[in-house]
Amino acid sequence: AARRPLSATGLILLLGCPHRFLLERVLFLREPPTAPPTDSIAPATYGVLFHAAADACFREMGPALCQRNGDLADWVARARATAAALFDARRHDYPMRGADSVARERIRLQDQIEQLVRAEWAAPPRTFVASELVFGDPDPVRLDVDGLAVHVRGAVDRVDRDPSGTLSVRDLKTGRVRDFGEEPVSPARDLQLGLYVWALETLGGGGTPVGYAA
């Protein structure tokens, strides 16, 4: 319903196991918390940290980087510095013990942010639109599915505009990315990206199609 819009994660949960959806999203029952690892940052927590670092970098240098302005070495240095500053600001949120563990996770974040910046530089020039583009807040996006209305909300990691005028939509992942040659299209893995494309095209009134999504 419009008063309780669903996120992509919620839809995936509903399709995968309606009973679990009932427990977690309707009755708000969760698994009891467990102790986090002390020699590294837990995967889900690291994903949040990585997205925050990527968002900070792209908000600062996305327009110039997407147009290949300036020097790649300077962008890499700035991105690594931004990632390190964010890590240090949140350092005490992660119960790691030992200087080696802390240094390893800081370098891990810097290295992955550098990989992201280099990938952006290697891509064809385009116009930066947004990082963490929110849709469905405060008004949810209505999607018509087989005659029924589904109201959704969410945030797209990256949106650019290609030279052709179409939008480019990307969702950043820190885990393994599986190829379609390995596994068929799966709602549990691929619904999120499809939902982002559909929501953005719905908000655009059909006038700005998405030409690329990954």
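Leaving aside its neighbours within four places in sequence, which residues is His-51 in contact with?

## His-51

With those neighbours set aside, His-51 is in contact (heavy atoms within 4.5 Å) with Glu-132, Asp-157 and Leu-172. His-51 lies in helix 3, residues 43–66; helices (H or I, at least four residues) and strands (E, at least two) are DSSP runs numbered from the N terminus. The His-51 side chain reaches the backbone oxygen of Gly-47 at 2.8 Å.

## Basis

This is a predicted model, in which local features need pLDDT of at least 70 and side-chain atom pairs pLDDT 80 or more, while totals for chains, interfaces and linings use all residues. Residues are numbered from 1 along each chain as its sequence is written, and side-chain values use heavy atoms, leaving out hydrogens and water.

## Largest pocket

The largest pocket has a volume of about 920 Å³. A pocket is an open set of points on a 1 Å grid over the protein atoms alone, where a 1.4 Å probe fits, with protein on both sides within 12 Å along at least five of seven lines; lining residues have an atom within 4 Å of a point. The volume is the space filled by probe spheres set on the points, which are joined across faces, edges and corners.

Of its 27 lining residues, Asp-171, Leu-172, Lys-173, Val-177 and Ala-214 are the closest to the centre. Helix 6 gives the most to this lining, six residues.

## Second largest pocket

The second largest pocket has a volume of about 460 Å³. Among its 18 lining residues, those closest to the centre are Thr-9, His-51, Leu-172, Lys-173 and Gln-192. Helix 3 supplies the largest share of this lining, five residues.

Definitions and conventions. A polar contact is a pair of N or O atoms within 3.5 Å; within protein, one must be able to donate a hydrogen and the other to accept it, and residues adjacent in sequence count only if both atoms are side-chain atoms.
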